[in-house]
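Hi everyone, thanks for coming.

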Amino acid sequence: MSPQIWLTVLLVSHHIGSFNAEEESTTSGVAMSDSVAHNPGEIPLSTTLSNPTADAGIRSQDWSLMASTATSVTPFLSSPFQGPNTNLITKEEFVNAVTSVDASYPIPTDEQYNIVVSRAKSAGRITTKLELAMFLAEIIYSSHGLVQKRAGNPTNFTYSSDLNVPGKEYYARGYINLAWAFNYLKASLALYGNDRLLQNPDLVETDDQVSWEVSFWYWLANVHVRPGVRAGRFGTTIDAINGAHECGPDASHPEWAAARFAVYTKVFAAFNLPGTPDSRGC
């Protein structure tokens, strides 16, 4: 695939109605977001990919073309979802969801609550309490209670590709744990219309607003669009985020999927949702 064609795919993927989820395979490596274990101290699987951009048809020298074309694209956050402006959850439900997972987790702040309820619809296209429970469960799991914005010890990972900027590391950062230079570039193009996150990946960890923006973007682009997610199949969210390691008969860490689902069951209960949590999809 030529760089021009692949850029078109990237830009079209910014718009939810045109994104083809089946092209975002979790087995390819480049779409995988995180590999973090839930229990503090566990080290995620060390992954090495010599050239994750080769199959995508992107070379480092193609970035100048991508950057010049991306400037004509409306940044992702400037086109808010026009839906009902009512909060899907109360502050009490939000606090209970986080603290019920682990009593040692700090009580979430008003700012965190306000970001989640105000951006869930506009940035993540999350319009039901059920999908918000799945989103919150995933970020609670990855961030250890909305506290950590990088996965484990980054020195245990190797995320090498031709897109890497010299001196920069593209280990998992953010509430949903974005990894690989390719994903940093896709997020940066979608959110800002430039390559700022490729040039400065630390922003995803150090700038809380960026961390939230990237997390909602990743959910919308890679999770929300998957068949089964809006039907409440939590396993599908796991498959979309880290299925290569956690789902299927050859999964190297199925226990991580079990830990994610355990978090979800507690968030599900805290949200007072009817029925029972659905683990299908992983």
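Okay, let's start with contacts, meaning heavy atoms within 4.5 Å. Take the contacts in the protein chain between residues at least 6 apart in sequence: 70% of them join residues at least 24 apart.

Quick word on where this comes from: it's a predicted model, where local features need pLDDT of at least 70, side-chain atom pairs count only at pLDDT 80 or more, and totals for chains, interfaces and linings use all residues. Residues are numbered from 1 along each chain as its sequence is written, and side-chain values use heavy atoms, with hydrogens and water left out.

So what's the chain built from? It has 11 helices and zero strands; those are DSSP runs, H or I of at least four residues for helices and E of at least two for strands, numbered from the N terminus. Of its 282 residues, 55% count as buried. Buried is under 20% relative accessible area, exposed is over 50%, and partly exposed is in between, using a 1.4 Å probe and protein chains only.

Now let's zoom in on K149. You'll find K149 in the loop between α5 (129-143) and α6 (181-192). Is K149 buried or exposed? K149 counts as buried, because its relative accessibility is 16%.

And what does K149 touch? Beyond its neighbours within four places in sequence, K149 contacts A172, R173, G174, Y175, E205, D208 and S211. With E205, the K149 side chain reaches the backbone oxygen at 3.3 Å.

Note on methods: Polar contact = N/O pair within 3.5 Å; in protein donor to acceptor, adjacent residues only side chain to side chain.
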